[in-house]
Amino acid sequence: MDRRHTIQREIVLKTVRRLHTHVTADDVYGAVRAEFPAVGRGTVYRNLNILAEEGEIRKIEVPGEADRFDFTIAAHYHVKCMTCKRISDVDMAAIPQLPDTIKDSRGGQFTLCDVAFTGICPECRKKNI
């Protein structure tokens, strides 16, 4: 489906890129609203999802928490801090053949995978030392 390119969508995209981290929709909404007070929450949420569908940003589904949006669209993995819940990129190359190695006894075929590790980020480790 061809969608019209809107100013609001461009603002949301620029904000995700400017924040340069794994942001929630509320994070983006707060940053956009600081510059453009008339923008609605629904407009930001809708445009984040459209941008993810179009491949401009990456949507990271976090079980039990708000989805995150990533400015990096290239294949990569994440780590979630058990203490502060921050999500960060993992410094390792993606394994493109990984979905091919997974077997489904029901005959399904995997095309993508989203790998997320769990650990403790450097900032939280420093606080606990």
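Helix 1 and helix 2 cross with a right-handed sense. The model is predicted. In this pair the axes lie 10 Å apart, at an angle of about 110 degrees. Angles of 65 to 115 degrees count as roughly perpendicular, so helix 1 and helix 2 are roughly perpendicular to each other.

Helix 1 contributes Ile11, Val12, Thr15, Val16, Arg18 and Leu19 to the contact, and helix 2 contributes Asp27, Val28, Ala31, Val32 and Glu35. By class, the contact holds seven nonpolar, one polar and three charged residues.

Helix 1 covers residues 7-19, 13 residues in all. Its end-to-end C-alpha distance is 18 Å, close to the 18 Å expected. Arg9, Ile11, Val12, Leu13, Thr15 and Val16 are its buried residues. Their cover includes strand 1 (23-24), helix 2, helix 3 and strand 3 (68-70). Just after helix 1, His20 has a positive phi of about 50 degrees.

Helix 2 (residues 25-35) also packs with helix 3 (residues 41-53). The angle here is about 125 degrees, so helix 2 and helix 3 are oblique to each other. Their crossing is right-handed. Ala25, Asp26, Val28, Tyr29 and Val32 of helix 2 make the contact with Arg41, Val44, Tyr45 and Leu48 of helix 3. Seven of these residues are nonpolar, none is polar and two are charged.

| Helix pair | Angle between axes | Axis distance |
|---|---|---|
| Helix 1 and helix 2 | about 110 degrees | 10 Å |
| Helix 2 and helix 3 | about 125 degrees | 9 Å |

Terms used. Residues numbered from 1 in each chain as written. Predicted model: local features only at pLDDT ≥ 70, side-chain atom pairs only at ≥ 80, totals over all residues. Heavy atoms only, no water. Axes fitted to C-alpha atoms, helices over the stretch in contact; angles between N-to-C directions. Helix = DSSP H or I, 4+ residues; strand = E, 2+ residues; numbered from the N terminus. Parallel < 35°, antiparallel > 145°, perpendicular 65-115°, else oblique. Left-handed = near helix turned anticlockwise from the far one by under 90°. Contact = heavy atoms within 4.5 Å. Nonpolar A, V, L, I, M, F, W, Y, C, P; charged D, E, K, R; others polar. Expected span 1.5 Å × (residues − 1). Buried < 20%, exposed > 50% of the residue type's maximum accessible area, 1.4 Å probe, protein only.
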